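Q: I have a structure to look at and would like to learn how to read it. Could you guide me?

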Amino acid sequence: MPDVHILGIESSCDETAAAVVRSGERVLSNVVFSQIATHQPFGGVVPELASREHLRAIVPVVRKALADADQTYNSLDALAVTQGPGLAGALLVGISYAKALAFALDKPLIPVNHLEGHIHAVLLEERQKGNHQLNFPVLALVVSGGHTHLYLAEQQGDSWSYQNIGHTRDDAAGEAFDKVAKLLGLGYPGGPVIDRLSPHGDPAAIKFVTSQIKHPDRNARGGVAGEFPRFDFSYSGIKTAALRYVEAHAMKPGVQRRQQVLASMVTPTLDDYLAVCDRETLNLVASFQRAVVNDLVGKTLAAARAYAVATVFVTGGVAANHELRRRFEHDGAHEGLPVHFPSRPLSTDNAAMIAAAAYPKWLSGSFAEMSFSAEAGLPLR
Ligand code: KG4
Ligand code: ZN
């Protein structure tokens with residue numbers, strides 16, 4: 001089988017990314033331009049600004065991805081681009097650019113679901129490590145700023161299919177990390193800061209509980225009740241509980257002071273954060289993270305038992321979290337279940353995962369009609 005070089009392009013949220021991956025198993029380049037600095041003053045992603053920044057970054061990012069990979073436009077075999085889910089305006093920048101490039105180069109264009117990309121980030125790196133033997137069924141937890149999903153993944157030849165057996169009913173786990181960090185004046189994005197601060201607080205100090213969902217989800221597809229048990233998540237309750245705690249313990253003045261000090265720094269270090277956090281704040285951060293990790297690990301492993309899966313994948317931005325990884329590795333090993341993660345750079349949004357997910361589609365000739373467009377709510381099936 002000759003080598004196949006696919007250029008992936010990703011612009012679904014606040015990262016403009018391009019990468020070249022060879023035959024779905026070797027990352028030749030992986031360029032990510034993060035817009036965090038643009039959105040930071042607003043405490044979250046501003047969709048209009050995201051589109052504008054993608055427009056500015058896309059050409060240099062793609063050029064750098066080709067140069068880093070020692071490739072040219074002509075040496076590529078195909079292009080792949082994120083079709084959704086994501087911000088419609090942001091997706092359109094990547095899609096329009098990819099369409100124009102594919103048309104001009106007369107190369108096939110492959111649309112990819114962003115969530116499938118996150119799952120293939122794990123597969124790509126396992127193959128890169130030489131692990132070609134994967135035991136099915138696979139259960140994938142995709143957990144990021146916009147998503148908290150559990151999928152059963154199946155492979156038949158070059159075709160992959162996915163069944164959703166759990167999703168969040170309200171906020172995504174990463175969104176809860178971001179909102180709690182904002183509430184405490186710790187800046188945006190919140191996940192990495194809470195991750196670094198948690199070991200300095202007492203995770204047992206505050207008893208946060210995450211919602212256990214009993215009522216069926218009317219929006220969920222699938223069989224007779226009980227035939228496909230669901231493992232849904234909910235994180236808006238814990239976010240509100242954190243807010244109540246801050247109010248009840250008169251922490252607001254401290255939050256404001258912290259916000260002001262951190263806003264004057266370009267990239268605060270861990271010591272800078274620790275200098276502006278009192279014990280109460282560190283305990284809250286650690287207790288919040290412990291509760292979310294308990295919930296993610298507990299529900300995923302319960303789903304793994306219910307569906308008798310052989311392998312678990314954990315992927316998406318929140319998969320970069322140290323405590324989450326340690327707990328999955330420990331508890332997975334306890335149940336004799338291998339748990340695979342992408343490396344940290346491939347956990348958060350990137351285009352290598354898009355190029356990797358496109359490779360089986362290239363093999364089966366699943367190319368796009370030029371009429372396809374962005375789908376902000378694209379489901380994964
Ligand atoms: O996958 P991603 O880059 O973008 C989406 O598709 O949403 O994920 C970004 C999310 C943000 O909510 C961010 O706070 C969270 O992932 N995140 C983390 C960590 N690194 C990023 N959450 C917890 N711990 C981390 N180390
Ligand atoms: Zn993502």
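Predicted model: local features only at pLDDT ≥ 70, side-chain atom pairs only at ≥ 80, totals over all residues.

Q: Which residues coordinate the zinc ion (ligand 2)?

A: His114 and His118, each through NE2, together with Asp349 through OD, coordinate the zinc ion (ligand 2) at 2.1 to 2.2 Å. Along the sequence, these donor residues follow the spacing H-x3-H-x230-D.

Q: Why is the arrangement around the zinc ion (ligand 2) irregular?

A: Four donors count as tetrahedral if all angles lie between 85 and 135 degrees. Here the four donor atoms subtend angles of 93 to 149 degrees, so the arrangement is irregular.

Q: Where do His114 and His118 lie?

A: An α-helix has 3.6 residues a turn, so residues three or four places apart point the same way. In this model, His114 and His118 both belong to helix 4 (residues 114-128), four residues apart, or about one turn of the helix.

Q: Are His114 and His118 buried or exposed?

A: Buried means under 20% relative accessible area. His114 is buried at 3%, and His118 is buried at 0%.

Q: Which residues of helix 11 are buried?

A: They are Glu323, Leu324, Arg325, Phe328, Asp331 and Gly332. Among the elements covering them are strand 6 (138-143) and helix 10 (279-306).

Conventions: Residues numbered from 1 in each chain as written. Chains lettered and ligands numbered in written order. Heavy atoms only, no water. Donors = N, O, S within 2.8 Å, 3.2 Å for Na, K, Ca; no water. Tetrahedral: all angles 85-135°; square planar, octahedral: opposite > 155°, others 65-115°. Helix = DSSP H or I, 4+ residues; strand = E, 2+ residues; numbered from the N terminus. Buried < 20%, exposed > 50% of the residue type's maximum accessible area, 1.4 Å probe, protein only. Contact = heavy atoms within 4.5 Å.
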